[in-house]
Structure formats: structure tokens, C-alpha cells
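Open the model in your viewer and keep the sequence panel beside it.

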Amino acid sequence: MLSVALGYVVMLVAVLAGQVAFTALGLGLMAQPGERPDTGYFAFNLSTGFFFLMIGGYVTALLAGHAELKHTLGLAALSIAMCIVSMIKYAGDQPLWYSIALMFLSIPGSLIGGRYRVRQVKDGRAPVLAD
């Protein structure tokens, strides 16, 4: 359970750091206060969100030490639950297609990260942190 929670925290921090970095770079993706973000912003968030889900899946599997893919599915379930909360909370601010797409990306994103970690351990390319 702890590996899932920490994997989610790592993913969330990465998402927030990415938002801050891209805003600071002035890429023009962020909407101005009072404006609604455009489709490009949401597409960008989906792509970066998928990448950060993979990182979260990797961290979850790294910390789990055993049954790594089951733990990454736990991360996917937590991510889906939080997507539902976000969909309800920001119903008027983000399009429905974005919320649904983010939910569907949660499972493959987290599993890709977890599978990468499993493959690293299997091939002997990475140290095992837990027994």
C-alpha cells in the first residue's frame, strides 16, 4: 500500500513540477486567468500525464519489491479514482473527453513503468531495493 501511495506522490509532484516548468518557459499552453484552456493544453497534459504515470509505475514497482505489477495496478486504480474526483470537481473547466482519456491512460501508463522495472530486475540491470 505504501509503494502505491508513494508512487502516486512521485507522479503528482512530477506533474506539478512539469506544469511549473512549462509555464516558466512560456510555451503559451497555459490559459490566462479567466480564460478556458484550449485543446492543445489538454493534449499536452495527456501526453505528459502518460509519461509521469510511467514514472509513478516504475517507482511503485521499485518500492514494492514483490508482486510489482499488482502494485502498479493499484497505482492505476488510485489514479482512476482521482481522475473521477477531478472530473466531478472540475466538470465545467475541463472537457469530458480529457477526463475519460486520462482514466484510460492510467492503466497502460502505470503498467509500462512497472513492467520496465520488472524487466530491469529480471535482466540483472538494477539493484533490488526490497526483498
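The tour below starts with the overall view and then moves to selections.

This is a predicted model: local features need pLDDT of at least 70, side-chain atom pairs count only at pLDDT 80 or more, and totals for chains, interfaces and linings use all residues. Residues are numbered from 1 along each chain as its sequence is written, and side-chain values use heavy atoms, with hydrogens and water left out.

**Whole protein.** Show the cartoon. There are 4 helices and 0 strands (DSSP runs, numbered from the N terminus: helices are H or I with at least four residues, strands E with at least two). The C-alpha trace spans about 50 × 30 × 20 Å along its principal axes.

**Select residues 2-24.** This is helix α1, with 23 residues. Now pick out Ser3, Val4, Gly7, Tyr8, Met11, Ala14, Gly18 and Gln19: they are buried (under 20% relative accessible area, 1.4 Å probe, protein chains only). What covers the buried residues of α1 includes α2 (39-64) and α3 (68-89).

**Select α3 and residues 96-122.** Show side chains at the contact (heavy atoms within 4.5 Å). Among them are Leu69, Ile80 and Met87 of α3 and Leu102, Ile107 and Val118 of α4.

Definitions and conventions:
The expected span of a helix is 1.5 Å times one less than its number of residues. Buried means under 20% relative accessible area, exposed over 50%, partly exposed in between (1.4 Å probe, protein chains only).
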